Amino acid sequence: MIKNVVLDMGNVLLDFDPEFVLDRFCSSDEEKAVIRKELFDGPEWQMGDRGDIKDKDRFDLVKVRVPKKYHEALRNCCEKWDICMDPLEGAGEFCEYVKKAGLRIYVLSNASDLFYTYFPKFMPLDFFDGVFVSSDYLMLKPDIEIYKTFLSKYGLKPEECLFVDDRQENADGAAKAGMNAFCFKGNYEEVIDRIKIDTILI
C-alpha cells in the first residue's frame, strides 16, 4: 500500500524551461544555439546537479567555450536561469491533496545548490516530510544509489513509496530500487488515480 509520495521537482512541480531563459537574454538564434549547447546541454549542468560545482562557478567554466560577444547573455543565463522555475498549474493543489489524504510527501530531485533559493518560493521546505537534493549527496538519478540513500535517510520501505518523475529513466531507476514508479506527463489526475489504486482512498 502506498504511504509515501516522492516527487521530482523539475517539470513535476516547477517548470524547468531553458527556452524561456534563452528567449529572455539572447538576441539571435545563433546565440541561443551556442548557449543552449554549452550551458544547458554542457557537462557543467550535471556537475552542478551532482554537487561537483556551485551555481556561482558555472559561468567561468562555460565561457571558455563561448565567443566573447555572447558572454553577457551567457552570464545572465548562468546567474538568472531560475526565472523559468514557476509552479506548474495545479502543482500546489496536488501537494495539498497528498497531505490531506494522509500520505507523507517528499521531494527527490536532481538539482544544484540554487534549489534552496527558488524552491521555497513555491512551497516552504517544512511542508514536506523530507527534501532530498542530489547536489547535497554528490549523486544523481537514475543511479540506484540515490534512491537507496533517500530511502535509508528517511527510513522508508520502497514498496510503500510512489515515485513520480517526468523522465522515464529516472522512474525506471526508482523501480530498480523497489519503489513504485510513475512517469509524469503533466496530468496530476493520473497520479491521483494511481495513488487511489494502491491505497484505500477510494
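Author: Helix 3 gives the largest share of the lining of the largest pocket, four residues, where helices (H or I, at least four residues) and strands (E, at least two) are DSSP runs numbered from the N terminus. This is a predicted model, in which local features need pLDDT of at least 70 and side-chain atom pairs count only at pLDDT 80 or more, while totals for chains, interfaces and linings use all residues. Residues are numbered from 1 along each chain as its sequence is written, and side-chain values use heavy atoms, with hydrogens and water left out.

Two or more lining residues come from each of helix 2 (29-40), helix 3 (43-50) and helix 10 (168-176). By residue class, the lining divides into 12 nonpolar, eight polar and nine charged, with Asp, Glu, Lys and Arg counted as charged, Ala, Val, Leu, Ile, Met, Phe, Trp, Tyr, Cys and Pro as nonpolar, and the others, Gly among them, as polar.

Turning to the sheet, five strands form an open, parallel arrangement in the order 5-4-1-6-7, two strands being paired if DSSP finds at least two bridges between them. Strand 5 (130-133) and strand 7 (180-183) are the edge strands, each pairing on one side only. Within the sheet, strand 1 (residues 4-7) pairs with strand 6 (residues 161-165) over four bridges in the parallel sense, and Asn 4 stands opposite Cys 161 in strand 6. Strand 1 also pairs in the parallel sense with strand 4 over four bridges, Leu 7 standing opposite Val 107 there. Four bridges in turn join strand 4 to strand 5, with Phe 132 of strand 5 as the bridge partner of Leu 108. Strand 4 is largely enclosed by the rest of the structure, because five of its six residues are buried, that is, under 20% relative accessible area (1.4 Å probe, protein chains only).

Technical notes
Buried < 20%, exposed > 50% of the residue type's maximum accessible area, 1.4 Å probe, protein only.
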